[in-house]
Amino acid sequence: MQKLSFREKLKDTAVGVGDSLKGSAFWSSIFRPGSPFRKGYTDSPRNRSYVVMNNVLYHLHPVKVKRHGVRLSYTLCLGGLSFFLFIVLTITGIWLMFYFRPTGELAYVDIQALQTSVAFGSLVRNMHRWGAHLMVLVVFLHMSRVFYHGAYKAPREFNWVIGVILLFLTLFLSFTGYLLPWDQLAIWAVTVGGNMAGYTPVFGAQLKFILFAGLEATAATLLRFYVLHVLFFPFIIVIFMAIHFWRVRKDGGISGPL
Amino acid sequence: MVDIPEHLLLRSAEARAKALGISVEQALAEMKGETEPTVVSKEPEIEEAPAAEVKEEAPAAEVKEEAPAAEVKAPAKKVDSPEEVDFAPEVKVTQRLLTVVKAKPIQKSVSVPVDKVNTWPHLMLPEFIALMAMTAFLILISAILQAPLLEEANPNITPNPAKAPWYFLGLQEALSYWDPQIAGVMIPLVVGMIGFMAIPYVDRNPDNNPSKRKYAILMYTFFLAGAGTLTVIGVLFRGPGWNWTYPWIDGIWFDDLLDWVNFLGDGH
């Protein structure tokens with residue numbers, strides 16, 4: 001009998017361990033029937049349905065979708081990418097919160113320290129900032145795509161309204177985050193933006209006062225924007241996103257074909 | 001010929017004999033093809049409904065199979081005569097046809113067949129690839145381009161120009177033309193928020209084919225071009241004192257893009 005080389009023996013062991021792990025009750029308890037990660041998965045129409053049906057993603061996707069909708073050129077994945085960027089921003093944002101204290105004395109120092117003495121601090125901060133700009137852009141492009149396809153028409157009228165609310169919430173999230181580095185760029189951009197809100201007729205001065213927590217951008221504004229940025233607006237936008245995604249399904253999935 | 005069991009043959013011969021008013025033997029002989037089949041030109045009187053059924057079928061079959069021309073005349077004459085147009089002339093009709101209701105389901109089925117594909121793998125795989133590509137792109141630009149961090153915030157030193165985030169720069173540009181109540185409030189609030197939400201309720205054209213909604217597309221493209229132009233002017237063409245500057249001569253006066261400008265080697 002031919003003697004197995006060490007490499008072959010190692011391969012056999014690895015395959016054996018993998019098989020017994022996939023066959024274990026523990027593994028089967030994680031992956032529900034129909035999961036492609038389960039032992040003995042075969043590609044069949046029945047199993048393709050199970051992959052979605054027995055998956056948490058069933059909350060987002062139906063088992064079958066219109067053929068024209070899966071063409072990349074139809075949606076360019078813009079809605080999905082908006083949601084994905086929100087998730088990326090949440091993850092990087094939570095990470096940034098570990099290193100940031102929103103006070104007039106510490107905010108700027110913390111950002112400096114983040115960039116110079118925290119591992120991957122600069123990269124994560126850049127991802128959060130460019131990702132935020134990208135999200136504004138992608139959400140806007142998503143809206144334009146929906147408009148050009150006439151996808152806001154009955155029965156999808158109200159989902160368009162929710163979409164516009166989501167666009168504005170995205171802008172508010174981005175704008176409140178803009179102040180947090182507490183540098184000259186941040187404070188003066190927010191001053192310009194907040195002054196625009198002050199031009200609102202009738203209650204403009206009051207609105208500006210509430211926004212700035214005073215008459216101009218100060219350390220109190222920093223704390224206010226911080227709370228709005230990390231708690232208030234994410235909370236609101238998640239609720240509206242849930243309704244938005246639910247309505248996409250209820251209104252009959254993707255619109256079209258043209 | 002197929003062998004027909006004797007008792008079945010006998011039974012049908014009896015029925016035939018009864019129907020045509022002949023003897024069972026004769027009926028049997030006719031069925032076996034031994035003698036000429038009897039054809040009744042005038043159907044006998046009916047006493048009972050069940051008998052009528054048998055009688056009606058028998059001659060009809062007979063006529064079709066081997067109808068000699070002369071014998072067909074009798075039923076044909078019947079149809080011609082106006083008083084016998086009824087569908088069952090011999091039976092006394094006790095009901096009339098009032099109306100014809102077309103066979104239609106009570107519940108209208110609205111589902112039309114749609115060409116669909118399985119979400120897995122035809123949608124989820126491209127989606128996954130798009131997410132991976134986006135992640136790669138984001139990490140790449142984050143590794144190359146540094147987010148700006150200027151000097152610490154100082155309310156006493158106003159930079160010139162002071163610019164809003166890029167998505168508000170179109171508005172800031174509009175503010176330099178019009179009254180702030182119009183440019184700062186009416187445009188974003190009335191046009192931007194309420195106007196956009198109202199689009200599906202204003203545009204009642206049910207078509208979604210671009211060739212059938214040229215006006216809507218024109219309007220949106222016009223808005224897009226206007227907002228885009230104002231934003232680009234605000235970002236690239238405005239310098240100190242909000243005066244017009246050319247980015248290729250005076251540089252870009254927008255600190256958010258500091259590293260992009262430095263990266264391209266054209267900073268001011």
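**Exercise 1. Charges across the interface**

Count the salt bridges between chain B and chain A, and then look at how two of them are built.

*Solution.* Start with the tally: chain B and chain A share four salt bridges. Keep in mind that this is a predicted model. Next, pick out a pair. Asp256(B) bridges to Arg129(A), with 3.1 Å between the closest N and O atoms. Another pair is Arg204(B) with Glu157(A), whose side chains meet at 3.4 Å, N to O. Arg204(B) is exposed at 52% relative accessible area, because the cut-off for exposed is over 50%. Glu157(A), at 13% relative accessibility, counts as buried, because that is under 20%.

**Exercise 2. The rest of the interface**

Work out how many residues each chain brings to the contact, and how much area goes under.

*Solution.* First the residues: 77 come from chain B and 76 from chain A. Then the area: the two chains bury about 7200 Å² between them, and 69% of that is on carbon and sulfur atoms. For polar contacts, the count between chain B and chain A is 40 residue pairs, both at pLDDT 80 or more. On chain B, the elements that each supply at least two residues to the side touching chain A include strand 1 (116-118), helix 6 (124-144) and helix 9 (214-236). Sort that side of chain B by class and you get 49 nonpolar, 16 polar and twelve charged residues.

Now for the strands. Strand 1 (residues 64-66) of chain A runs antiparallel to strand 1 of chain B, and three bridges join the two. Within this pairing, Val65(A) stands opposite Val117(B).

**Exercise 3. Chain A on its own**

Describe the make-up of chain A: which elements does it have, and in what order do they run?

*Solution.* Count first: chain A has eleven helices and one strand. Reading from the N terminus, the order is α-α-α-β-α-α-α-α-α-α-α-α. Next, burial: 47% of the 258 residues of chain A count as buried. Finally, sequence separation: among contacts in chain A with a separation of 6 or more, 61% are between residues 24 or more positions apart.

**Exercise 4. Salt bridges within chain A**

*Solution.* For a second case, take Arg247(A) and Asp251(A), where the closest N and O atoms are 3.2 Å apart. Here Asp251(A) is buried at 10% relative accessible area. Over all chains, the count comes to nine salt bridges.

**Exercise 5. The surroundings of His229(A)**

Where is His229(A), and which residues does it touch?

*Solution.* Locate it first: His229(A) is in helix 11 (residues 219-250) of chain A. At 15% relative accessible area, His229(A) is buried. Set aside neighbours within four places in sequence, and His229(A) is in contact with His128(A), Leu173(A), Thr176(A), Gly177(A), Leu180(A) and Pro234(A). One of these, Leu173(A), has its backbone oxygen 2.8 Å from a polar atom of the His229(A) side chain.

Conventions:
Residues numbered from 1 in each chain as written. Chains lettered and ligands numbered in written order. Predicted model: local features only at pLDDT ≥ 70, side-chain atom pairs only at ≥ 80, totals over all residues. Heavy atoms only, no water. Contact = heavy atoms within 4.5 Å. Buried area = accessible area lost by both parts, 1.4 Å probe. Polar contact = N/O pair within 3.5 Å; in protein donor to acceptor, adjacent residues only side chain to side chain. Helix = DSSP H or I, 4+ residues; strand = E, 2+ residues; numbered from the N terminus. Nonpolar A, V, L, I, M, F, W, Y, C, P; charged D, E, K, R; others polar. Pairing = 2+ DSSP bridges. Buried < 20%, exposed > 50% of the residue type's maximum accessible area, 1.4 Å probe, protein only.
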